[in-house]
Protein chains: 2
Amino acid sequence: MDNRPIGIFDSGVGGLTVAKEIYRALPNESTIYLGDTARIPYGPRSPDIIIRFSHQIVSFLITQNVKAIIVACSTASALALASLKKSFSIPLYGMIETTTQSASLATKNGHIAVIGTKGTINSHAFKNCLTRLNPNHKILEQACPLLVPVIEEGIFDGPILTQILSKYLFPLQTFKPDTLILGCTHYPLIASAISQFFSNDPTLINPGEALASSLIESLPEKLRAKSCPKPIHQYYTTDKPEYFNRIAEQFLPHHHFPTKQISI
Amino acid sequence: MDNRPIGIFDSGVGGLTVAKEIYRALPNESTIYLGDTARIPYGPRSPDIIIRFSHQIVSFLITQNVKAIIVACSTASALALASLKKSFSIPLYGMIETTTQSASLATKNGHIAVIGTKGTINSHAFKNCLTRLNPNHKILEQACPLLVPVIEEGIFDGPILTQILSKYLFPLQTFKPDTLILGCTHYPLIASAISQFFSNDPTLINPGEALASSLIESLPEKLRAKSCPKPIHQYYTTDKPEYFNRIAEQFLPHHHFPTKQISI
């Protein structure tokens, strides 16, 4: 039994789509969420920078006495997880493996599309992992750099989002994917707008759902909070909390956000 | 006579609209441009963070032996210039004063609109300065948070920009400004798309033009490069230069960008 919290981090609000699934799948677990809002977005930045930011955040979360860390950001998972695992002994979980396993199980025609930030797509992390699972999969990748800024503005539908999605998703329509990986933890917030672009109703793979389901099995027994009376969810941001809270409250209603600002 | 370079900084490519006007107005001057691309965008961040970033950059530019510094970012000018002037003795020039002087001279009906990032608009820096110049000015401010991400993606026209501009500029149309301050140094890159939204053809005030014109007068005589044989323009970014160069080359064609990455 280990009632210490699980650390979760992302560049901003996107990782809350992962946190939400963890709260649901592991209801006894306390968590500490860190949104690196002072340095969002991660997507367009180069690997060295993402690795540096991720190391700083993991070091901070370890000082907060977490027992495991979820890299709830696909860009950081794609670019920094391997480096983090070399430097830190704490259990670390990223978004790529569990998401690709879900997609590989879901597809029937083997056509899997991946959308993500520029950093994630340029890394080919999802594609490489899917190909390792099954070399016969046909994979089409598409970077969607404007989606994170739009979601962070609280835009989840309407004409601006439609125009941006047209630009990015139109090239995917002829590929006819039956499975679409939402390869950025922000994207589940616009899942219904994304669905509308496809006539064949592909299965959308939500990285948070995939990770939380897998965590039910894979979190070591000795790290589980078995009898925590009431789990505590703490939130930290690196810029002022007001803006984070405004979007977070839309996404996790009936939830308290006594968010604290920290400097890392 | 002083042939040392002038330092210029912005969060990304936007400040090149200022650099371009300085090259034109002061053709003997060498420059060092720094785009803080690892931490772009500045607009949505809070004042404390912008002040910290700006102090770091000014310290770096001083180590590069610059003789004066242009804060070629309206957000940093609005939020950090006063603090920078307290901490550093080097001559510092921001975007707010010269831009508002140009606008105040240009307006005939006294209706001046200001568009800018969230940080700039929330500071009311342009509005306060315009009111000091003439308390009878009517001023309407509008934050346009998605414009910097869109411009940094190299989108200068087309349906995505049109939808985003509709959202932001529609509320300005009934105000009928005869003068519109492009209150972010990125915006001159989309000046023609902005113009099309107004039937009364308002005068667009470009902060770079306003600053460069004023600098012809205000740069102290002893700091001028009078006989520099060939000015040198150097470029630094805090993330990898490729991305900066791609946009910069679109904007300053026939120009060399041997951009170097630095860590500050």
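What follows is a set of questions and answers about a predicted model with chains A and B.

Colleague: What radius of gyration does chain A have, and what would a compact globule have?
Modeller: Along its principal axes, the C-alpha trace of chain A spans about 50 × 35 × 35 Å. Chain A has 264 residues, and for that number a compact globule would come near 18 Å. The value for chain A agrees with this, as it is 18 Å.

Colleague: What share of the residues of chain A count as buried?
Modeller: A residue is buried when its relative accessible area is under 20%. The accessible surface of chain A comes to about 10,500 Å², and 53% of this belongs to carbon and sulfur atoms. Of its 264 residues, the buried share is 61%.

Colleague: Among contacts in chain A between residues at least 6 apart in sequence, what share join residues at least 24 apart?
Modeller: A contact here means heavy atoms within 4.5 Å. Among the contacts of chain A that link residues at least 6 apart in sequence, the share that join residues at least 24 apart is 76%.

Colleague: How far apart are the centres of the positive and negative side chains of chain A?
Modeller: Chain A carries 23 positive side chains and 19 negative ones. The centres of these two sets are separated by 5 Å.

Colleague: Which strands are the edge strands of the open sheet of 6 strands in chain A?
Modeller: Strands of a sheet pair through backbone hydrogen bonds, either parallel or antiparallel. In this sheet of chain A the pairing is parallel, and the order is E4-E3-E1-E2-E9-E10. An edge strand pairs on one side only, and here the edge strands are E4 (92-93) and E10 (260-261) of chain A.

Colleague: Which residue of E10(A) does Tyr236(A) stand opposite?
Modeller: Strand E9 of chain A, residues 233-237, runs parallel to E10(A) and is joined to it by 2 bridges. The residue of E10(A) opposite Tyr236(A) is Lys260(A).

Colleague: Is Gly12(A) buried or exposed?
Modeller: Gly12(A) sits in the loop between strand E1 (6-10) and helix H1 (16-25) of chain A. Beyond its neighbours within four places in sequence, its contacts include Tyr33(A), Asp36(A), Glu152(A) and Phe244(A). Its relative accessible area is 0%, so Gly12(A) is buried.

Colleague: What is the C-alpha to C-alpha distance between Gly12(A) and Cys73(A)?
Modeller: In sequence, Gly12(A) and Cys73(A) are 61 residues apart. In space, their C-alpha atoms are separated by 9.0 Å.

Colleague: Why does Thr31(A) count as buried?
Modeller: Thr31(A) belongs to strand E2 of chain A, residues 31-35. Leaving aside neighbours within four places in sequence, Thr31(A) touches residues including Ile6(A), Tyr23(A) and His233(A). The cut-off for buried is under 20%. Thr31(A) counts as buried because its relative accessibility is 1%.

Colleague: How many of the 10 residues of helix H1 of chain B are buried?
Modeller: Helix H1 of chain B covers residues 16-25, and it is largely enclosed by the rest of the structure. What covers its buried residues includes strand E1 (6-10), helix H10 (207-218) and helix H11 (241-251) of chain B. The buried residues include Leu16(B), Val18(B) and Tyr23(B).
Modeller: E5(B) pairs with strand E6 (138-143) of chain B in the parallel sense over 6 bridges. It is also joined to strand E7 (179-182) of chain B by 4 bridges, again running parallel. The residue of E7(B) opposite Ala113(B) is Leu180(B).

Colleague: What is omega for the peptide bond between Ile40(A) and Pro41(A)?
Modeller: Most peptide bonds are trans. Pro41(A) lies in the loop between E2 and helix H2 (47-63) of chain A. The bond joining Ile40(A) to Pro41(A) is cis, with omega about -5 degrees.

Colleague: What is phi of Lys176(A)?
Modeller: Most residues other than glycine have a negative phi. Lys176(A) is in the loop between helix H8 (159-173) and strand E7 (179-182) of chain A, and is exposed at a relative accessible area of 52%. Its phi is positive, near 50 degrees.

Conventions. Residues are numbered from 1 along each chain as its sequence is written. Chains are lettered from A and ligands numbered from 1 in the order in which they are written. This is a predicted model: local features need pLDDT of at least 70, side-chain atom pairs count only at pLDDT 80 or more; totals for chains, interfaces and linings use all residues. Side-chain values use heavy atoms; hydrogens and water are left out. Buried means under 20% relative accessible area, exposed over 50%, partly exposed in between (1.4 Å probe, protein chains only). The radius of gyration is taken over C-alpha atoms; the globule rule is 2.2 Å times the number of residues to the power 0.38. Accessible areas come from the Shrake-Rupley method with a 1.4 Å probe; for residues, only the protein chains shown count as cover. Lys and Arg count as positive and Asp and Glu as negative; His and the chain ends are not counted. The place of a charge is taken as NZ of Lys, CZ of Arg, CG of Asp or CD of Glu. Two strands pair if DSSP finds at least two bridges between them.
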